[in-house]
Amino acid sequence: MEKQLFLGDEAIAQAAIDAGISGVYAYPGTPSTEITEYIQGSPVARERGVHCRWSANEKTAMEAALGMCYAGKRAICCMKHVGMNVAADCFMNAAMSGINGGMIIVSADDPSMHSSQNEQDNRVYGNFAMIPMLEPSNQQEAYDMVYHGFELSERLGYPILLRVTTRMAHSRAGVVTNEPKTENKMNCPADGRQRFILLPAMARKRFKNLIAAQSLFEEASENSAYNQYFDAPDKKLGILTTGIAFNYLSENYPEGFEHPVLKITQYPLPKKMVERLVDECEEILVLEEGYPVVEEQLKGLLSIGIKVHGRLDGTLERDGELTPDAVGKALGKEIHSYYATPEVVEQRPPALCQGCGHRDMYQALNEVIAEYGDRAKVFGDIGCYTLGALPPFRAIDTCIDMGASITMAKGAADAGVFPAVSVIGDSTFTHSGMTGLLDCVNENTQITIVISDNETTAMTGGQDSAGTGRLESICAGIGVDPAHIRVMIPLKKNYEEMKAIIREEIEYKGVSVLIPRRECIQTLTRKKKASKK
């Protein structure tokens, strides 16, 4: 056993390797990306042949991971919180089928939306699916929960949801590792057809089994070493805290807790421990990162009469990250800020890199779109190019979710909007844009789709893109007329040519796809530096 300095994501990844995984399945998404990247860079994982290629999207990742677990192997599936929305179909039904080999699903949530379009709390998904959840309060717990979590998954027969947040994923701490385990041998379930075929007659039985298993999940939670009760003399207040919020509470009590504290990092709620806190204390303060998930459950469990404070009554803000200062204020402590931002420091919004091909694409597109006045609408998507919404470009009118640019542009075109233009990246296109393109082809919608191809998944650091070298053939295979699949090189010297092509394809009465292609300036720079070594 040795101690290493790990990011939370790295602790999760190392624990998965040490626990004997046979595969990691993921689509890049901050703050979860480093889990898969760590496994990809691990000599041990490489020597063992652990699967670690990126998946096309979170749904395919979840399904592939479930397939590996069906074969008796251990797999970890990683995504950011909004990725769970994409994978939800498989996620919910995996709770019905259960697993064979151990399966851990990592949801890296992003309170305060540092790099996301919402701050949803995926503990809601865990409760929705009725499966056990783990929520580490520090990097050591993150390691331990994954290392032992596969055994818990196999013992209970269900996948485990591990929920972390941005601060946990991207902060470092010393972690003591355990002895590596060998991989499971392949062993498909003897009763697989009864468990993994969710036809209604069989699904009804599986749902009854899931409901019956709740008592086992609750027992595991009551006896979990991760759920702890800390007694204290002042029982006017009892504090119930979860995950990383326990760390923030501890920072406010360096000499020890003044009030009884119940730390919950394994779910479902340990009801007996909750009842003890409620019986001993006059009021309850709930500290949790994200939605008031536990606070709402607590109010449902308790009889009327005891006050519960938290996000619902305004003791804590409903939105944004929880912080040690916010916890201190909720406890009535005087807070001193030692790190105020100097007035001379001006907030600077993010911007497209200098030399980025998206810049030249937007400049040409903006000039052509301006010829149509306010009636033209450009529907954007999730990626680096979303920054085209900001000055100096202000080039897109919408950005909702992965792949929505094509389908929203189609719906707008159906409503009579002309021109209706979609801007999507190469990785996002293969993630969830292809099916929208098929809808457009099937109805011969008058729509212009710009697949801005920088040959990588740039926004999350330059991971492989599933469509690299295949975009033209994919579009043609879906049914786009090859004459209206136009490839451009977004450079200043090609500016007039780009504008001419954009004009032609906007006026075409059907589906056209424009592919401005130039390698991401960041990945190109890294390649040049690597070649000089």
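This is a predicted model: local features need pLDDT of at least 70, side-chain atom pairs count only at pLDDT 80 or more; totals for chains, interfaces and linings use all residues.
Residues are numbered from 1 along each chain as its sequence is written, and side-chain values use heavy atoms, with hydrogens and water left out.

Let me begin with the salt bridges. In general, side chains of opposite charge can pair when their charged atoms come close. Here a salt bridge is a side-chain nitrogen of Lys or Arg within 4 Å of a carboxyl oxygen of Asp or Glu, and a search of the whole structure finds 32 of them. One is formed by Arg 123 and Asp 121, at 2.7 Å from N to O, and both Arg 123 and Asp 121 are buried, where buried means under 20% relative accessible area, exposed means over 50%, and partly exposed is in between, computed with a 1.4 Å probe and protein chains only.

Another salt bridge pairs Lys 271 with Glu 218 at 3.9 Å, N to O, and this pair links distant parts of the chain, since Lys 271 belongs to helix H13 (residues 271-280) and Glu 218 to helix H11 (residues 214-222), 53 residues apart. Helices (H or I, at least four residues) and strands (E, at least two) are DSSP runs, numbered from the N terminus. Lys 271 is partly exposed at 36% relative accessible area, and Glu 218 is partly exposed at 28%.

A further salt bridge joins Glu 371 and Arg 503 at 2.7 Å, N to O. Glu 371 sits in the loop between helix H16 (357-370) and E14, and Arg 503 in helix H20 (residues 495-507), so this pair ties together parts that are 132 residues apart in sequence. Finally, salt bridges that share partners join Asp 109, Asp 121, Arg 123, Glu 135, Arg 163 and Glu 288 into one network.

Now to helix H17, which spans residues 404-414 and whose buried residues include Ile 406, Ala 409 and Lys 410. Which elements cover the buried residues of H17? The cover includes strand E14 (377-379), strand E15 (420-425), helix H18 (426-443) and strand E16 (447-452).

In the loop between H17 and E15 we find Gly 416, which takes a positive phi of about 110° and is exposed, with a relative accessible area of 58%. Pro 419 also lies in the loop between H17 and E15, and a cis peptide bond joins Phe 418 to Pro 419, with omega about -5°.

As background, most residues other than glycine have a negative phi, and most peptide bonds are trans. Thr 30 and Pro 31 are likewise joined by a cis peptide bond, with omega about 15°. Ser 112, although not a glycine, has a positive phi of about 75°, and Asn 444, in the loop between H18 and E16, has a positive phi near 50°.

I will end at the surface, where Lys 528, Lys 529, Lys 532 and Lys 533 gather in a patch of positive charge. Patches are made of residues with over 30% relative accessible area and no salt bridge, and like charges are joined within 9 Å. Lys 532 lies in the segment after helix H21 (521-531) and is exposed, with a relative accessible area of 73%.

How values were computed: Patches are made of residues with over 30% relative accessible area and no salt bridge: like charges are joined within 9 Å, nonpolar side chains (Val, Leu, Ile, Met, Phe, Trp, Tyr) within 5 Å. Accessible areas come from the Shrake-Rupley method with a 1.4 Å probe; for residues, only the protein chains shown count as cover. Lys and Arg count as positive and Asp and Glu as negative; His and the chain ends are not counted. The place of a charge is taken as NZ of Lys, CZ of Arg, CG of Asp or CD of Glu. Contact means heavy atoms within 4.5 Å.
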